2 protein chains.
Amino acid sequence: MGKTLSPHHAELADVATVDDALALVRARGGRATPSRRILLEVLFEAPRRHMTAEELAQAVRVRAPDVHLSTIYRNLEELERLGVVVHTHLGHSASAYQLASSAHGHFLCEECGKTIEVPDALFNELTRSATAEFGFSVNPHHFAILGRCADCS
Amino acid sequence: MGKTLSPHHAELADVATVDDALALVRARGGRATPSRRILLEVLFEAPRRHMTAEELAQAVRVRAPDVHLSTIYRNLEELERLGVVVHTHLGHSASAYQLASSAHGHFLCEECGKTIEVPDALFNELTRSATAEFGFSVNPHHFAILGRCADCS
DNA sequence: GTGCTTGCAAACGTTTTGCAGACTC
DNA sequence: GAGTCTGCAAAACGTTTGCAAGCAC
């Protein structure tokens, strides 16, 4: 595939409102378009909810029916580059997008598909030894940890 | 998507040779076909090497030029169900297949794409607290852990 | 001969891209 | 007006599936 693994996002931006985010967009020469504003509104309305690009597109279309899925993808990519948005891979299906400020780790059950949100503290020891032994700094948010949940064990 | 997240593989099978694996296949009512034997030979020749389905297909075709990629996928799926083979997701690209007996965890650099093989011991603490706090039993092999390697930090 | 396996082609779901027109600033 | 952004269509990617012919047992 040879493509970049993730849009190497900036430091987590200090973005508390839709307008903060649009200001960031403008600061790098971008424009504050309706589709961008509405996408951000949707993200800020349920900041802890994971949504796929398709789900975001449907939510955006309630207010602007003609916004195309490819526009959603392009805007998410841009917002991710700016550090406003983050995506997580929950297993084999579509990526889940979220505001960067509410990012967290995930356990995903291989059996039933249930996802469990995990406090970052659980990764402290792994993060510490990864750095100590490999000089590797772990990002526990980007891919879910797979396994079996209590019900399926 | 709604499909099974992973072919819920049997316990790791005690399979030390190609013929052991083919015996397992037969025990399930399957047949020992040339494409299956050659695929297993390729896997046993470099047991620690990760290979994509496409790479395996190319290697198999050296000995049997007409083996189709879909046959590779079907046979890998079957061998995974039998506990002989395991696959890992290394980032956004194609899955990496391996003999189950040489499975291990991975760190993958989001910046440069380098993968680091990780001893399972590094996951001990995460595994322990995941069980204690969530009743979740971690499988550290199925998805790589992302982050930044020493060179890219 | 039974029925598992194969090659092929075509579909799949997610994501990316090329383009001409539309819009923001 | 310059340059960014959009909708659309089409492609890309890895993977799966339906089918009729082929092979293992």
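Reader: Does B:Arg128 count as buried, partly exposed or exposed, and what is its relative accessibility? In other words, which of these classes applies?

Author: This is a predicted model, in which local features need pLDDT of at least 70, side-chain atom pairs count only at pLDDT 80 or more, and totals for chains, interfaces and linings use all residues. Residues are numbered from 1 along each chain as its sequence is written, chains are lettered from A and ligands numbered from 1 in the order in which they are written, and side-chain values use heavy atoms, with hydrogens and water left out. Buried means under 20% relative accessible area, exposed over 50%, and partly exposed in between (1.4 Å probe, protein chains only). The relative accessibility of B:Arg128 is 48%, so the residue counts as partly exposed.

Reader: With which residue does B:Arg128 form a salt bridge?

Author: A salt bridge is a side-chain nitrogen of Lys or Arg within 4 Å of a carboxyl oxygen of Asp or Glu. Both partners lie in helix α5 (residues 124-134) of chain B, 3 residues apart, about one turn of the helix; helices (H or I, at least four residues) and strands (E, at least two) are DSSP runs, numbered from the N terminus. An α-helix has 3.6 residues a turn, so residues three or four places apart point the same way. The closest N and O atoms are 2.9 Å apart, and the partner of B:Arg128 is B:Glu125.

Reader: How many residues apart in sequence are the parts that B:Arg48 and B:Glu117 tie together?

Author: The side chains of B:Arg48 and B:Glu117 meet in a salt bridge of 2.8 Å, N to O. B:Arg48 lies in the loop between α2 and α3 (53-63) of chain B, and B:Glu117 in strand β4 (residues 115-118), so the pair ties together parts that are 69 residues apart.

Reader: In chain A, what is the N to O distance in the salt bridge of A:Glu117 and A:Arg48?

Author: A:Glu117 is partly exposed, with a relative accessible area of 33%, and A:Arg48 is partly exposed at 48%. Their side chains meet in a salt bridge, and the N to O distance is 2.8 Å.

Reader: Why do the buried residues of α1(B) line one face of the helix?

Author: In helix α1 (residues 18-27) of chain B, the residues B:Val18, B:Ala21, B:Leu22 and B:Val25 are buried. The arc is that of the directions from the helix axis to the C-beta atoms. Seen down the axis, the buried residues line one face because they fall within an arc of 100 degrees.

Reader: Against which helices do the buried residues of α1(B) pack?

Author: On the other side of α1(B), B:Arg26 and B:Ala27 are exposed. Contact means heavy atoms within 4.5 Å. The buried residues pack against α2 (34-45) and α4 (69-81) of chain B.

Reader: How many residues in the lining of the largest cavity are nonpolar?

Author: On a 1 Å grid over the protein atoms alone, a cavity is a set of points where a 1.4 Å probe fits but cannot get out, and lining residues have an atom within 4 Å of a point. The lining includes A:Phe123, A:Pro140 and B:Leu146. Ala, Val, Leu, Ile, Met, Phe, Trp, Tyr, Cys and Pro count as nonpolar, Asp, Glu, Lys and Arg as charged, and the others, Gly among them, as polar. The lining has no charged residue and 1 polar residue, and the nonpolar residues number 9.

Terms used. 1 Å grid on protein atoms, 1.4 Å probe; cavity = no way out; pocket = protein on both sides within 12 Å on 5 of 7 lines; lining within 4 Å.
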